[in-house]
Amino acid sequence: MKRIFLCILACSALGAPAAQAAEVTGASLGLDYSAFTDDSEGTVSKTALSGSLELGFDRNFGLQGDMSIGHFGLLDADTASLALHGLYHASENASLGAFFGRDEIEGKGYNFYGAEVGFEQGQLNGDAYVAGGEFSNIDGTLMGIGIGYDATDAFTLGASYDNLDVEGYDMSRAQLEAEYRIDNFALTAQLGSADIENTGSETYFGLGAKFNFGAKRGATFDQRGVLAVWPGL
């Protein structure tokens, strides 16, 4: 999958004949940091650099590729994630997608796959997804839903909920979100609660900065996978 994603990037940049029918319709590059609020020393933290690129083949069909690298402070572990989405824009307001990808922590990884839907209507936007995969040789599911409200042209408020269901290691996450945009640059903030099995609920916060290219959101869908939704650790 990494080779496929790099091939898409190369063909787009070089203008290879195989990619001439496609055009870049959106892209984003972001840096995010999250940590639990009771972690005064900052060891229970996550830092991630991520990017997405979307290609459109016509008004209805497209591909989106995601890549991210990160670091968990408490585990002193490096992470990486890759995903590819197939996109169908059913209308100007609604999009459907199917995706597959791989998350890795210190070279140990797992694959995931799923389906997603997104919409934009006036000042409202939202998406939902469901995914399955194999986590440490145990089948699991991951699902989530989110909604946003454009209070102004520059400021968006939102909320989201995600749930990971793996035997012996379940986690749910609920958070409030805010985004402030200046042209193609956006500052983001999150405040949420993570409920981890056998650990209890922990409050966390997140801060980020992102450059969007093309569409306002950069790419149609957010990045998927456990590493995308798991807060500081």
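Helices (H or I, at least four residues) and strands (E, at least two residues) are taken here as DSSP runs and are numbered from the N terminus. The model is a predicted one, in which local features need pLDDT of at least 70 and side-chain atom pairs count only at pLDDT 80 or more, while totals for chains, interfaces and linings use all residues. Residues are numbered from 1 along each chain as its sequence is written, and side-chain values use heavy atoms, with hydrogens and water left out.

The chain holds two helices and 12 strands, and from the N terminus on these elements follow one another as α-β-β-β-β-β-β-β-β-β-β-β-β-α. A residue is called buried when its relative accessible area is under 20%, exposed when it is over 50%, and partly exposed in between, with a 1.4 Å probe and protein chains only. Of the 233 residues in the chain, 42% are buried.

Asp183 lies in the loop between strand 10 (171–182) and strand 11 (185–196), and although Asp183 is not a glycine, it has a positive phi of about 55°. With a relative accessibility of 76%, Asp183 also counts as exposed. Ala219, by contrast, is buried, with a relative accessible area of 7%; its place is in the loop between strand 12 and helix 2. The C-alpha atoms of Ala219 and Glu54 are 5.8 Å apart in space, although the two residues are 165 residues apart in sequence.

The next topic is empty space. Rolling a probe the size of a water molecule over the atoms shows where such space is left. On a 1 Å grid over the protein atoms alone, a pocket is an open set of points with protein on both sides within 12 Å along at least five of seven lines, whereas a cavity is a set of points where a 1.4 Å probe fits but cannot get out; lining residues have an atom within 4 Å of a point. Grid points are joined across faces, edges and corners, and a volume is the space filled by probe spheres set on the points. The second largest pocket contains about 590 Å³ of space. It is lined by 26 residues, of which His89, Ser91, Glu92, Ser95 and Thr220 are the closest to its centre. At least two lining residues come from each of strand 1 (23–36), strand 2 (45–56), strand 5 (94–105), strand 6 (108–121) and strand 7 (124–135), and strand 6 gives the most, with three residues. When Ala, Val, Leu, Ile, Met, Phe, Trp, Tyr, Cys and Pro count as nonpolar, Asp, Glu, Lys and Arg as charged, and the others, Gly among them, as polar, the lining divides into six nonpolar, 12 polar and eight charged residues.

Charged side chains lead on to another kind of contact. Side chains of opposite charge can pair when their charged atoms come close. A salt bridge is counted where a side-chain nitrogen of Lys or Arg is within 4 Å of a carboxyl oxygen of Asp or Glu, and the count comes to five. One of them joins Glu116 and Arg224, whose closest N and O atoms are 2.8 Å apart. Because Glu116 lies in strand 6 and Arg224 in the loop between strand 12 (200–214) and helix 2 (226–229), this pair ties together parts that are 108 residues apart in sequence. Both Glu116 and Arg224 are buried, and together with Asp127 they are linked in a network of salt bridges. Another salt bridge is formed by Arg102 and Glu104, with 2.9 Å between the closest N and O atoms; Arg102 is partly exposed at 29% relative accessibility, and Glu104 is partly exposed at 28%. Arg181 and Glu179 also meet in a salt bridge, at 2.9 Å from N to O, where Arg181 is buried at 9% relative accessible area and Glu179 is buried at 18%.
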